[in-house]
Each structure stands twice: as structure tokens, then as C-alpha cells.
Amino acid sequence: MTLMPWERELAPIAERLRVGARTTVLTGAGVSTGSGVPPVRGDEGLWRRYRPETLATPAAFQRDPGLVWEWYDWRRQLVAGCEPNRAHAVLAAWTRHDPTMRLITQNVDGLHERAGSERVIRFHGSLWEVGCWDRCPSSPARWSDLTVPFPVLPPTCRYCGGLLRPGVVWFGEGIDPTVLADSEAATACELFLTIGTSALVYPAAGLVARARERGAFTVEINPDETPVSDHVDLVLRGTAEAILDAIEPHSAAR
Ligand code: OAD
């Protein structure tokens with residue numbers, strides 16, 4: 001049987017999973033490419049065709065909320081037609097098997113939740129949440145809205161009739177303080193896996209170094225090299241779907 005190059009390297013992960021190591025996973029767009037969701041960067045990336053400055057900033061929304069909503073409504077329609085893949089399914093099983101496991105995702109597609117992952121820390125928010133652009137007093141900060149497609153763009157706030165905004169983090173906006181605190185707490189672990197992210201966007205990209213500082217065995221799963229590749233304990237050069245599928249039997253062993 002021919003082994004994939006990384007299959008011999010799973011032992012350090014399997015051993016830690018076997019002894020019940022606290023495990024934290026950080027995911028990026030690479031775990032959803034197998035479901036047909038385009039990544040952010042690269043030849044197939046969203047930003048090959050769209051300019052984030054004109055679509056993913058508060059100023060862009062202020063300038064043309066209809067245009068910004070056309071793009072987000074298109075992304076919601078695209079993701080609604082995608083299914084979680086094997087990578088999402090394995091990570092969902094891990095969150096169900098192990099209540100100490102933490103899953104932090106930079107993705108806004110909601111596929112981890114649709115696969116059944118519990119306690120997902122959504123670092124950059126969600127396509128499937130909205131908020132009142134004017135933060136009207138009777139509205140919560142964010143709420144779920146699965147309407148797809150929206151009959152009218154831009155959609156309006158059910159509390160004040162003003163503009164709705166997508167529940168995602170835009171450039172120039174901060175990360176929710178609770179999400180930051182939960183993510184920092186999750187770096188206190190024995191095993192940290194960074195999967196399917198180009199590790200270019202902070203503060204998310206800094207979590208793996210923080211976990212390593214705190215004593216975690218750190219692993220990168222990505223077909224391509226990234227800026228953290230030289231700073232983790234183990235690099236598995238392959239896709240999330242294939243590698244997590246190979247690791248899964250070991251995690252079930254606990
Ligand atoms: P990117 O598109 O920057 O990076 C995706 C990474 O996944 C790349 O390193 C690919 O090589 C890798 N990849 C592709 N297919 C893969 C597969 N099947 N298995 C494993 N890896 C694969 O997306 P992110 O790193 O997630 O933030 O981008 C981070 C943030 O940049 C996004 O969350 C977004 C953007 O700014 C906000 O919108 C705030």
C-alpha cells in the first residue's frame with residue numbers, strides 16, 4: 001500500500017489524541033475549498049475578482065450598501081448550495097467526542113456548524129448573521145438571518161426599519177472582545193492544529209505562536225507553505241480533507 005508522504009508523520013498527533021490532550025484547531029478558507037467555497041486569496045480566490053476595499057469595509061458600506069449587499073447576498077446563495085466536506089465532518093466529530101476541544105474558525109460560511117461542530121469560535125463573524133447598521137437600541141448586536149436570497153437589497157432592520165449589515169468583521173473593525181478572550185483561552189492546550197489558512201491576517205494568525213509559547217505541540221495542515229510553516233513542530237503538506245480523514249481513527253481511540 002503506498003502511503004501519502006505525511007501518513008508516517010501522524011504518530012505525534014495520534015499519541016496526543018490517545019492520551020486525551022486538550023486540542024485546539026484554527027481553520028481558514030482551505031477547509032471549505034473542498035465544498036466548493038472559493039478561498040480568499042490565490043488563483044481561485046474571491047479577491048482575484050473583487051476588491052475588498054470596495055466591498056468589505058465600513059466606508060464601502062456607507063458609500064454603497066446596495067453594492068455591498070449584492071456581494072454578500074451572492075456569497076450567501078453560493079454557500080447555501082455547498083455541503084460540508086470530510087474535513088468539517090471530522091472536526092465536528094472531535095467537538096462532539098471531546099468537550100475540551102476548541103474550534104476557532106476564520107471562515108464565515110457556517111459550514112462547521114452545518115457539519116455539527118459545537119462551541120465554534122467564529123473569529124470573523126458569520127455570513128448567516130446580521131446586525132443593525134445604526135445599532136438601534138432595541139436590536140441585539142447580531143442575530144441569525146438565513147434568508148436566501150433576500151427579496152430586497154439592501155435588507156432592513158426588523159427593529160427600526162433602518163439598514164441591516166452583514167454580521168462579518170470588516171477591515172478596520174476589531175474582533176469581538178469575547179471572541180478574543182475565548183481564543184486566547186483556547187491557546188492553553190497540548191495540541192494546536194492550524195488548518196487551511198494562509199496565516200496572513202492578524203490577530204488570528206498569531207494564535208499558533210501563542211499556543212506554542214504556552215507549550216502546545218503545533219501542527220500545520222496545508223498543501224502550500226505559509227509564514228508559520230517554519231515555526232510549527234510538524235507540517236503536513238496535504239489537504240485538510242485527506243489528512244483529517246487519516247487522523248480521525250486515532251482521535252476516536254480515546
Ligand atoms: P486564504 O484564501 O488566504 O488561504 C487559504 C489557505 O488554504 C491557503 O494557504 C491554501 O493553500 C490553503 N488550502 C487550499 N485548499 C486547501 C485544502 N483543501 N486543505 C487545506 N488547505 C487548503 O484564506 P484564509 O487564510 O482563511 O478575513 O484568510 C484569512 C482571512 O483573510 C479571512 O478570514 C478573511 C480575509 O481577510 C476577513 O474577512 C476578516
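Me: Which domains does the shell around the ligand draw residues from?
Reply: At least three residues come from each of domain 1 (1–37 + 84–124 + 174–254) and domain 2 (38–81 + 129–168). The domain bounds come from an automatic or database domain assignment.

Me: Where do these atoms come from, and how are residues numbered?
Reply: This is a predicted model, where local features need pLDDT of at least 70, side-chain atom pairs count only at pLDDT 80 or more, and totals for chains, interfaces and linings use all residues. Residues are numbered from 1 along each chain as its sequence is written, and side-chain values use heavy atoms, with hydrogens and water left out.

Me: Back to the ligand. Which residues come nearest?
Reply: A29, V40, R41, T197 and S198, out of 22 residues around the ligand. A residue is near if one of its heavy atoms lies within 4 Å.

Me: How does that shell divide by residue type?
Reply: There are 9 nonpolar, 10 polar and 3 charged residues. Here Ala, Val, Leu, Ile, Met, Phe, Trp, Tyr, Cys and Pro count as nonpolar, Asp, Glu, Lys and Arg as charged, and the others, Gly among them, as polar.

Me: What is 2.9 Å from a polar backbone atom of A240?
Reply: A nitrogen atom of the ligand. An oxygen atom of the ligand is 3.2 Å from a polar backbone atom of Q106. For G30, a polar backbone atom is 3.4 Å from a ligand nitrogen.

Me: How much of the ligand does the protein cover?
Reply: The protein covers 87% of the 800 Å² of accessible area that the ligand has on its own. Such areas come from the Shrake-Rupley method with a 1.4 Å probe; for residues, only the protein chains shown count as cover.

Me: New topic. How many salt bridges are there?
Reply: A search of the whole structure finds 14. A salt bridge is a side-chain nitrogen of Lys or Arg within 4 Å of a carboxyl oxygen of Asp or Glu.

Me: What does R212 pair with?
Reply: D233, with the closest N and O atoms 2.8 Å apart. R212 lies in helix α9 (residues 207–213) and D233 in the loop between β8 (217–221) and β9 (234–236), so the pair ties together parts 21 residues apart in sequence. Helices (H or I, at least four residues) and strands (E, at least two) are DSSP runs, numbered from the N terminus.

Me: And E220: buried or exposed?
Reply: E220 is buried, at 1% relative accessibility. Buried means under 20% relative accessible area, exposed over 50%, partly exposed in between (1.4 Å probe, protein chains only). E220 meets R237 in a salt bridge (3.4 Å, N to O).

Technical notes:
Polar contact = N/O pair within 3.5 Å; in protein donor to acceptor, adjacent residues only side chain to side chain.
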